[in-house]
Amino acid sequence: MATHKLGTFVCALFVIGCTANRNSTTADDAWRAASASITAAEMLAHISVLASDEFEGRAPGTPGESKTVSYLTEEFRRAGLLPGNPDGTWTQRVPATGFTSTSALTIRSGNVVRELARGSEFAARSRRLQADVRVDDSEIVFAGYGIDAPQYGWNDYKHFDARGKTLLMLEGEPKASGSETPEATRFRKTKASFFGTRTLKLDTAARKGAAAVLFVHEGETSRVSFAVAAAATEREGFDIASNAADQPVAVEGWITSSVFDQLCSGACGDLASLKKKASDERLEPVPLNARASFSVRNALRSFESHNVVALLPGSDPKLRDEYVLLTAHWDHLGRNPSLAGDQIYNGAIDNAAGTAQLLEIAEALANIANRPRRSVLFLATTGEERGFLGARYYVRHPLYPLASTVAEINLDSGNVWGRTSDVNNLAYGETTLDEVFAAAARQQRRTFSEEPFAGGTYFFLSDQIEFARAGVPASFPGPGNLYVGKPTDYGDQRWGEYGAKDYHQVSDEVRADWDLSGAVEDAQWLLHAIWIVTQDERRPQWREDAEFRRR
Ligand SMILES: [Zn+2]
């Protein structure tokens, strides 16, 4: 196996280390010895501190942040790492802004002007971090799914100048035509495409100069009700400042399907018939003979937050300027003073558990007798829960060149219910890191699940996506689902229960019945995987069909 050959090779390079230390005659042994420092007791200690009430739910810009940043800095220092910021500090400042939008929308169709009801007919906000944002008399155009994906031969912007327009879009992505499975998608068949996300659609529309984007809420068939989507739009949002060149659209939001049908009548029929047409690549944007005017007031507040960053410098003169990046978000939702009783979102599983693994892996890697050939960068990010703010800020202001960042491995949530016989990459199928994860799992006699989890959608849902978008081969390793000595559906049950009752609730707390033996094995698995990536001359690659591969 690769690691064995690698071991010999590494020893050839580190003759002194290999002969002087009898306990680590091969690189493989070195990794194994260091993995003993990863223990359930230490992991629980980290989680218990981070998820304590004293840390107040670790909201960015609060005293909970200061405590968290101090704790992580101290632990990285104790582990023997170096300050990760080239300016000699352990943090990267992340200036962020909170914005709460109040909006009005009037539609003019010929001589008829109508103001839509906010919250029941439309919801909108502006990510432009300005107090007042207006869009006047903008032509409304139905733009299908709002996708421009040359690699799939798909363009909803055909023969169309989007500048200044208000685009109405469907959520999701076009369905495969004539497919036997009704849920099969046109682009990746069994996997979700990033082109189907609202994030990318909004960025595409902004790039094309559109003024506003309104997604059409499809009523019953939508995953969340219009009321929930509207409330999320009007709640405080967070962002980091954009460059002038990459300003977001002025207004983004939702309209109901019945407003859409009213706007469409005459021009395009109704939503149901248009939806069928929207899965045909020949459909061109449909002007709706109506104009939109928006006025948005933003209540803004600025705050400063921090990524915590630590470095383990590589030992190989050629490879040490390349970096393997390990991330976990330290932040959570803070506290809500309007709740009766418990007000603190402790975020024990999300993501004190992932952060604890990050710390344990850092400590173990720093302990390895022969330092890894490539450098390893540990980045505990802020603002993941606010829309990947810390990760996005890092990508825009990298401390080490992204082109030299050979892999990103992100940890978000961890297993607290005992040992599993399997492990996962929630970004399975995207990069050659899968081979590394599989090899490391085999060493533990565990299986590496070789299928995309939940249609690959989790890939888009944590910090790794920001690095993927910047071209860094990114992964999202996660715990397994097959619990040793338990019925096969035990994992689904536990995660299902967690998702329904505790996820993003004040009850995501440390429990007396936790069993971190599985989390220890997961961290050891990742330690080994990271070790392999640091030693192998070949850099991890995107797969041929990966959407984030540079073309
Ligand atoms: Zn999380």
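Predicted model: local features only at pLDDT ≥ 70, side-chain atom pairs only at ≥ 80, totals over all residues.
Q: At what angle do α5 and α10 pack, and how far apart are their axes?
A: The angle is about 20°, and the axes of α5 (residues 63-79) and α10 lie 9 Å apart. That makes α5 roughly parallel to α10, because angles under 35 degrees count as roughly parallel.

Q: Which residues in α5 meet which in α10?
A: On the α5 side they are E75, F76 and A79. On the α10 side they are L359, A362, E363 and A366.

Q: Staying with α10, where is N351, and what is the peptide bond from D350 to N351 like?
A: N351 sits in helix α10, which covers residues 348-367. The bond leading from D350 into N351 is cis, with omega near 0°.

Q: Why flag that?
A: Most peptide bonds are trans, and most residues other than glycine have a negative phi.

Q: On phi, then: what is the value at S413?
A: Phi of S413 is near 75°, which is positive in a residue other than glycine. S413 belongs to the loop between β15 (405-411) and β16 (422-425).

Q: Is S413 buried or exposed?
A: Buried: S413 has 22 C-beta neighbours inside 10 Å, and the cut-off for buried is 20 or more.

Q: And A454, what is its phi and where is it?
A: A454 also has a positive phi, near 50°, and is not a glycine. Its place is the loop between β17 (447-448) and α13 (464-469).

Q: Why does A454 count as exposed?
A: Because A454 has 11 C-beta neighbours inside 10 Å, and 12 or fewer counts as exposed.

Q: Now the sheet with β16 in it. What is the strand order?
A: The order is β17-β16-β19, three strands in an open sheet with mixed pairing. The edge strands are β17 and β19 (477-479), each pairing on one side only.

Q: How do β16 and β19 pair?
A: They pair in the antiparallel sense, over three bridges. Within β19, P477 is the bridge partner of N425.

Q: Which helix lies across those strands?
A: Helix α12, residues 433-443, lies across β16, β17 and β19. It runs at about 165° to β16.

Q: Changing topic to α6. Which residues there are buried?
A: In α6 (residues 198-207), the buried ones are K201, L202, T204, A205 and A206.

Q: What covers them?
A: The cover for the buried residues of α6 includes the strands β6 (148-149), β8 (166-169), β9 (212-217) and β11 (251-256).

Q: What follows α6?
A: G209 follows α6, with a positive phi near 85°.

Q: Zooming out, how many helices and strands does the protein have?
A: There are 15 helices and 19 strands. The radius of gyration is 25 Å, close to the 24 Å that the globule rule gives for 551 residues, so the protein is as compact as a globular protein of that length.

Q: What box do the C-alpha atoms fill?
A: Roughly 85 × 50 × 50 Å, taken along the principal axes.

Q: What share of the residues is buried?
A: Buried residues are 51% of the 551.

Q: Last one: how many of the contacts join residues at least 24 apart?
A: The figure is 81%, counted among contacts between residues at least 6 apart in sequence.

Key
Residues numbered from 1 in each chain as written. Helix = DSSP H or I, 4+ residues; strand = E, 2+ residues; numbered from the N terminus. Contact = placed C-beta atoms within 7 Å. Rg over C-alpha atoms; globule rule 2.2 N^0.38 Å. Pairing = 2+ DSSP bridges. Axes fitted to C-alpha atoms, helices over the stretch in contact; angles between N-to-C directions. Parallel < 35°, antiparallel > 145°, perpendicular 65-115°, else oblique.
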